[in-house]
Amino acid sequence: MPQHVIVGAGPVGTATALLLAERGERVRLVTRRGTGPEHPEIERVAADATDAARLAELTEGATALYNCAAPPYHRWAEEWPPLAAAVLGAAESSGAVLVTASNLYGYGPFDGAVTEAAPLRATGVKGRLRARLWQEALAAHEAGLVRATEVRGADYLGAGTLSMLTAAALPAALAGRRARVPADLDAPHSWTYVGDVARILVAAAGDERAWGRPWHVPSAPPRSIRQLTSLACDIAGAPAPRLATMPRPVLWLGGLFDPLVRELRETQYQFRGPFVLDSTAATETFGLTPTPIEDSLAETVRALPGSGTGSAAPDRP
């Protein structure tokens, strides 16, 4: 019987599974196609996590259940509710601690560095959805039905991650082309390494101080897209990047033809001004510190398509 059940084998789910497995703990990794890393302690299971009965069966006897799933970005509204409900039900029936990997969307626009004490005031569809899913899990926790916590990160760095940086800035810049990015290129922005997400997910699952509240992933000091792209070019030995800001109307027009681009309209506030995460609480409580951004960015660059070391796969929470 597995000690840990993980739903989703994107960069976060993979990093969490490997972290646990390398500690000698048994892991069951649930995905639609049975994918994930190969390791003697990792059992890969093909199952639809929205099938509440099947997920409950797979979670029976586990000590922790990690929701690291990442439905297609443009289908969040349709796919997240049944998935979250099945995961919550599996946690209740099994007694496993529920730890969800999430993001900062639920806060909506904010000023200054956001902490976990900030109210959830999102106005967009995706932000309201993420806020509602946490509120439902918290209500179940407060009712004594489950033990739940949520871990929130900013845009991801690490092998296989998909973000504005890896999709819009780095591929063109590293190839020596001008990169047009729908963002304020000089606004401070927080970036979260997926390895650090895995570490706090595991820490939160095993520490009752974590339950019943959210936590921000320990993240390196903010860097602008221009700063991070320049650093990536230095790491890769590429020429200095040529960057330009994509005007809002161009992004809006692109959304007429591409559903993923269309979804970016709602979250433009995250990139048109400062977007900074404060992770002091997690560092003080769990003693976790962020991976140096030079290290997490180097891993990101090595795994980009064309680098010869890997390929990108979507996993933005």
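This is a predicted model: local features need pLDDT of at least 70, side-chain atom pairs count only at pLDDT 80 or more; totals for chains, interfaces and linings use all residues.

User: What makes phenylalanine 275 count as buried?

Analyst: The cut-off for buried is under 20% relative accessible area. Phenylalanine 275 has 3%, so the residue counts as buried.

User: Why is tyrosine 269 called partly exposed?

Analyst: Partly exposed runs between the buried limit of 20% and the exposed limit of 50%. Tyrosine 269 has a relative accessible area of 26%, so the label is partly exposed.

User: How many aromatic pairs does a search of the whole structure find?

Analyst: Six. In one of them, the ring centres of tyrosine 107 and phenylalanine 110 are 6.4 Å apart, with the planes at 90°.

User: Why is the pair of tyrosine 107 and phenylalanine 110 called edge-to-face?

Analyst: Two tests apply. Centres must lie within 6.5 Å, and planes over 60 degrees apart count as edge-to-face. The values are 6.4 Å and 90°, so the pair is edge-to-face.

User: And what makes tyrosine 269 and phenylalanine 275 edge-to-face?

Analyst: Their ring centres are 6.5 Å apart, and the pairing limit is within 6.5 Å. Their planes stand at 70°, against a cut-off of over 60, so this pair is edge-to-face. Tyr107, Phe110, Tyr269 and Phe275 form one aromatic cluster.

User: Are tyrosine 107 and phenylalanine 110 buried or exposed?

Analyst: Buried. Tyrosine 107 has 3% relative accessibility, and phenylalanine 110 has a relative accessible area of 16%.

User: How do you know that the charged end of lysine 126 sits over the ring of tyrosine 73?

Analyst: The distance limit is within 6 Å of the ring centre, and the charge must also lie within 35 degrees of the ring normal. Lysine 126 is 5.3 Å from the centre of the tyrosine 73 ring and is assigned as sitting over it. Arginine 130 lies over the face of tryptophan 80, at 4.5 Å from the ring centre.

User: Which residues lie closest to the centre of the second largest pocket?

Analyst: That pocket holds about 150 Å³ of space. Of its 15 lining residues, Asn67, Ala84, Thr100, Leu133 and Ala137 are the closest to the centre. The lining divides into nine nonpolar, three polar and three charged residues.

User: Why is alanine 137 called buried?

Analyst: Its relative accessible area is 8%, and the limit is under 20%, so alanine 137 is buried. Alanine 137 belongs to helix α4. Beyond its neighbours within four places in sequence, alanine 137 is in contact with Leu88, Val146 and Ala148.

Key
Residues are numbered from 1 along each chain as its sequence is written. Side-chain values use heavy atoms; hydrogens and water are left out. Rings of Phe, Tyr and Trp (its six-membered ring) pair if their centres lie within 6.5 Å; planes under 30 degrees apart count as stacked, over 60 as edge-to-face and the rest as tilted. Buried means under 20% relative accessible area, exposed over 50%, partly exposed in between (1.4 Å probe, protein chains only). On a 1 Å grid over the protein atoms alone, a cavity is a set of points where a 1.4 Å probe fits but cannot get out, and a pocket is an open set with protein on both sides within 12 Å along at least five of seven lines; lining residues have an atom within 4 Å of a point. Grid points are joined across faces, edges and corners, and a volume is the space filled by probe spheres set on the points. Ala, Val, Leu, Ile, Met, Phe, Trp, Tyr, Cys and Pro count as nonpolar, Asp, Glu, Lys and Arg as charged, and the others, Gly among them, as polar. Helices (H or I, at least four residues) and strands (E, at least two) are DSSP runs, numbered from the N terminus. Contact means heavy atoms within 4.5 Å.
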